[in-house]
Amino acid sequence: MDSLTDLELCIGRLPRVSLAHLPTPLERLPRFSESLGGPQIWIKRDDCTGLAMGGNKTRHNEFLMADAVEENADLVVWGAGVQSNNCRQTAASCAKLGIACHLLLSRGGHGHEIQGNLLLDHILGASYEIVDECVGPELDQRIARTAQLFRDQGRQVYSWDRSTVKAKAAISYSQCLIEITRQIEAQDIEPAALYICSGGSTGAGLALARKILQINYPIHNILPIHWPWDEQQDLSDIANAAADLLELPERVAPEEINIDGAYVGKGYGIPTEECMEAIQLLARTEGILLDPSYTAKAMAGLIDHVRSGRYSTSQHIIFVHTGGTPALFAGAGDLAAMLTPTEKPLADH
Ligand SMILES: Cc1ncc(COP(=O)(O)O)c(C=O)c1O
């Protein structure tokens, strides 16, 4: 049996609920590629995973929510930033599965008007608290305390726990690389590189599958944030914990993981000029929307690498769109001020 079928069989043995529209399309970006005068760029549309405006967490949740269902949970307690795509997709997953959802949303220096993802959390019926704890170990502890309070009241709680959730979520992106491998085979192309916005489970799952499938092209994980820990080591730990869950012998060393923190700019969630250019260029050439916190920063990295002459015009590059577009609305005022005006089609009367 080949390594692809083998990996797929191992993944298929894990409990999973169906939440996402899969496989997501792999589309060519002819006008975008032409505007860069560079290689042939393709986009893997994980913004189209289908659940409440889609994104990468819908894939993650197919494995995580299977545990919630298996444990007969009547409440999921989750948390992240106030404009979290993760929390929005978790609220949607819970709605679909008939499980209540309570969110701990970290204020994190950003406004918390009811817009973007926070508006969608409301519509999806999640309850939430805005808290001061920072995303990371501080928020993790707050989530654990809140989950315990609900348990003490007799609720059956499934809650965010970094030590178990990260590896399980990663497996869904090993599955995504299987999909991509099949799609590029069908298109008869060999990519020169793959770009994605990740600093966690998503890139870890890709790294594990890359190792198992013996893929040669590099995967560039463009960071949306500088974590206070070593991201290369973290992704390697997550990938290896995922391999354990799959009962596979492969291990991914930190040096095998390509992390690029050059496009974060002033900080997480703060748009850079380069990411605004990426948002407009993709929207105006292909009608596809990126978001300023994650995917546009990754696309800014891809554009920069293309412009620096890394690739020839005949090479193929894959960009994985991980979703996040609701954040466009949360930052509307600031973003509008950074947009390049469009030309008027008619002369003034
Ligand atoms: C749109 C989007 N892209 C990428 C990521 C990064 O995912 P991961 O933390 O699994 O690397 C996130 C995480 O929230 C996200 O919302």
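Me: Which residue of β10 does Arg45 stand opposite?
Reply: In this predicted model, strand β2 covers residues 40-45, and β2 pairs with strand β10, residues 316-321, in the parallel sense over six bridges. Within β10, the residue that stands opposite Arg45 is His321.

Me: Which residue in β2 is the bridge partner of Glu27?
Reply: Strand β1, residues 26-28, is joined to strand β2 by three bridges, and the two strands run antiparallel, whereas the pairing of β2 with β10 is parallel. For Glu27, the bridge partner in β2 is Ile43.

Me: Which element gives the most residues to the shell around the ligand?
Reply: The ligand is surrounded by 16 residues, of which Asn85, Ser198, Gly200, Thr322 and Gly324 are the closest. Two or more residues of this shell come from each of α4 (85-97) and α8 (201-212). With three residues, the element that gives the most is α8.

Me: How many residues of the shell around the ligand are polar, and from which domains does the shell draw at least three residues each?
Reply: The shell holds no charged residues and two nonpolar ones, and the remaining class, the polar residues, comes to 14. As for the domains, at least three residues are drawn from each of domain 1 (3-54 + 165-338) and domain 2 (56-161).

Me: Which residues of helix α5 are buried, and which elements are included in what covers them?
Reply: Helix α5 spans residues 116-123, and its buried residues are Gly116, Asn117, Leu118, Leu120 and Asp121. What covers these buried residues includes α4, β4 (100-106), β5 (127-131) and α12 (327-330).

Me: What percentage of the contacts with a separation of 6 or more is accounted for by residues 24 or more positions apart?
Reply: Of the 349 residues of the protein, 47% count as buried. Among contacts with a separation of 6 or more, the share that residues 24 or more positions apart account for is 78%.

Note on methods. Residues are numbered from 1 along each chain as its sequence is written. This is a predicted model: local features need pLDDT of at least 70, side-chain atom pairs count only at pLDDT 80 or more; totals for chains, interfaces and linings use all residues. A residue is near a molecule or strand if its C-beta atom, placed from the backbone, lies within 6 Å of it. Helices (H or I, at least four residues) and strands (E, at least two) are DSSP runs, numbered from the N terminus. Ala, Val, Leu, Ile, Met, Phe, Trp, Tyr, Cys and Pro count as nonpolar, Asp, Glu, Lys and Arg as charged, and the others, Gly among them, as polar. Domain bounds come from an automatic or database domain assignment. A residue is buried if 20 or more other C-beta atoms lie within 10 Å of its own, exposed if 12 or fewer, and partly exposed in between; C-beta atoms are placed from the backbone. Two residues are in contact if their C-beta atoms, placed from the backbone, lie within 7 Å. Two strands pair if DSSP finds at least two bridges between them.
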